[in-house]
Amino acid sequence: MLRRMKKIQMDNPHREIVVALDTTNVNASSLLLPSSTAVFNTKDPAEWTKTRQKDTEERRKAIRKAIAMFGNRVVVTYTQEDVYTLFPGMKDLGGSVAHEYHDHCIYTVVKAWETRHAKSFKGHLWVLEDDVEFTAPWNLLFDNYREYDFVAHRFSTYDRKWQKNHEYFGKQISPKFRSDFLMGLGYQSYVFILEHVVKYSPVFLAKVFELLEQGYHARSEIGTGTFATRLNFTWSRLNEVQKPWYCTTHCCDNKCMAAIANLRKKGEGRIFHPVKL
């Protein structure tokens, strides 16, 4: 994970790189390491506890190592309470903020970064989860899509019946979002995206922040794509995702690593997620 983050930094010497770490609870951290897979593959309670403790300590070490490797200019830490302080109404929605409300975490990190550096954040923003791999220099991906306000994978439309049947989405929506983006203006659906790799233009990022401040809250899988499409921002699907190793099959074996190596050898840039090696 840290090797991948360092590669991103090295591939982009002229870009501002920020490593954002949620330190609320390392058990719920997105810093998934190889031992994490064992936690979900054992039915023995004693073995589960032992593996979980080992995994938790590995996560703590990874956080400390990230701070030591990149320094305070690059690393921004935050907690769930930091997000709740900025958006008190979110407490009623429930869920894990870092896992489910990416826009709110991005807002929190950007505001902390601006305070630390005493300047406003400007420019296009790419946001990557820590277990995303790209098989070419990262700057080649970041140089693409500059004409679009928002970039993500999928952009699928689901009607309200689908949303109602999936309570983990339906319950985690603020009244203002439900009223104005699902029903209030005649919209009959929301737009579902995968937020593992996303890109915001400056104007779209500012609009998203404005909407969050006004109380429009939803899980990022449905909130951001709905904002972009309903408000007529330009958007694009990512073209570089690599199947079957994008959100369907975990990349944690020699077959997947061989596929990554082969694409690198051929100079083809493809996105893999989640990569647990």
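The protein contains 13 helices and nine strands, where helices (H or I, at least four residues) and strands (E, at least two) are DSSP runs numbered from the N terminus. The model is predicted, so that local features need pLDDT of at least 70 and side-chain atom pairs count only at pLDDT 80 or more, while totals for chains, interfaces and linings use all residues. Residues are numbered from 1 along each chain as its sequence is written, and side-chain values use heavy atoms, with hydrogens and water left out. Of the 277 residues of the protein, 49% count as buried, that is, under 20% relative accessible area with a 1.4 Å probe and protein chains only.

Helix α11 comprises the twelve residues 202-213, which at 1.5 Å a residue should span 16 Å, the expected span being 1.5 Å times one less than the number of residues; the end C-alpha atoms of α11 are 17 Å apart, which agrees. Buried in α11 are F204, L205, V208, F209, L211 and L212. These residues cover an arc of only 160° around the axis, which puts them on the same side of α11, the arc being that of the directions from the helix axis to the C-beta atoms. Just after α11, G215 takes a positive phi of about 100°.

Helix α12 (residues 220-230) packs with α11 at an angle of about 115°, their axes being 11 Å apart; axes are lines fitted to C-alpha atoms, for helices over the stretch in contact, and angles run from 0 to 180 degrees between N-to-C directions. The contact (heavy atoms within 4.5 Å) is made by F204, V208 and L211 of α11 and by T224, F227 and A228 of α12.

Methods
Buried < 20%, exposed > 50% of the residue type's maximum accessible area, 1.4 Å probe, protein only.
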